[in-house]
Amino acid sequence: MEFLVIAIVALIAFGVFRYFRQRNFLKVLTQDQFREGYRKAQLIDVREPQEFDKGHILGARNIPVTQMKQRLVEIRKDKPVYLYCQSGSRSARAAQLLRKKGYQDISQLKGGFKKWTGKIKTK
């Protein structure tokens, strides 16, 4: 029982640590802030291709988080990177991967695509 309590506390502490560490390098932008800057940035939808085809932000490229490591050559380090997924968890994972690979200017859409009310494109 004591071990279980220690394990739970450690897990919570690790989650809190990751959250605050991520806040240091990942900018979470409101829809208005995102809209202001995404045309000057690399706009990347990290959802799977079938999700992307059903609808995506106009001008976005589809690089699923599951393929991100293999497709890093498609993402420039010298330009801002704007990420989004359906709700925010996959884009946060993608941001961590990019950060580890040396990317500096990384932003994420708060609430993800499901909260987006701007222009979209479907296939």
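The model described is a predicted one.

The strands were examined for pairing. Strands of a sheet pair through backbone hydrogen bonds, and the arrangement is either parallel or antiparallel. In this model, an open sheet is built from five strands, which follow the order β1-β6-β5-β2-β4 with parallel pairing. The edges of the sheet are β1 (26–29) and β4 (61–62), each of which pairs on one side only. Strands β1 and β6 run parallel and are joined by four bridges. Across this pair, L29 stands opposite L109, a residue of β6.

Between the C-alpha atoms of Y103 and R76 the distance is 8.4 Å, although 27 residues separate the two in sequence.

Charged side chains were considered next. Side chains of opposite charge can pair when their charged atoms come close. With a salt bridge taken as a side-chain nitrogen of Lys or Arg within 4 Å of a carboxyl oxygen of Asp or Glu, the model contains six salt bridges. One of these links the side chains of D105 and K27, with an N to O distance of 2.5 Å. Because D105 lies in the loop between α4 and β6 while K27 lies in strand β1, this pair ties together parts that are 78 residues apart in sequence. Both partners count as partly exposed, D105 at 32% relative accessibility and K27 at 40%.

A salt bridge is also formed by the side chains of R90 and E51, at 2.8 Å from N to O. R90 is part of helix α4 and E51 is part of helix α3 (residues 49–54), so the pair ties together parts that are 39 residues apart in sequence. E51 is partly exposed, with a relative accessible area of 23%.

In a further salt bridge, the side chains of D78 and R76 meet at 2.8 Å, N to O. D78 has a relative accessible area of 58% and is therefore exposed, the limit being over 50%. R76 has a relative accessibility of 45% and counts as partly exposed.

Strand β7 (residues 120–121) includes K121. The relative accessible area of K121 is 44%, so this residue is partly exposed. K121 and A60 are 61 residues apart along the chain, and their C-alpha atoms are separated by 9.3 Å.

Notes:
Residues numbered from 1 in each chain as written. Predicted model: local features only at pLDDT ≥ 70, side-chain atom pairs only at ≥ 80, totals over all residues. Heavy atoms only, no water. Pairing = 2+ DSSP bridges. Helix = DSSP H or I, 4+ residues; strand = E, 2+ residues; numbered from the N terminus. Buried < 20%, exposed > 50% of the residue type's maximum accessible area, 1.4 Å probe, protein only.
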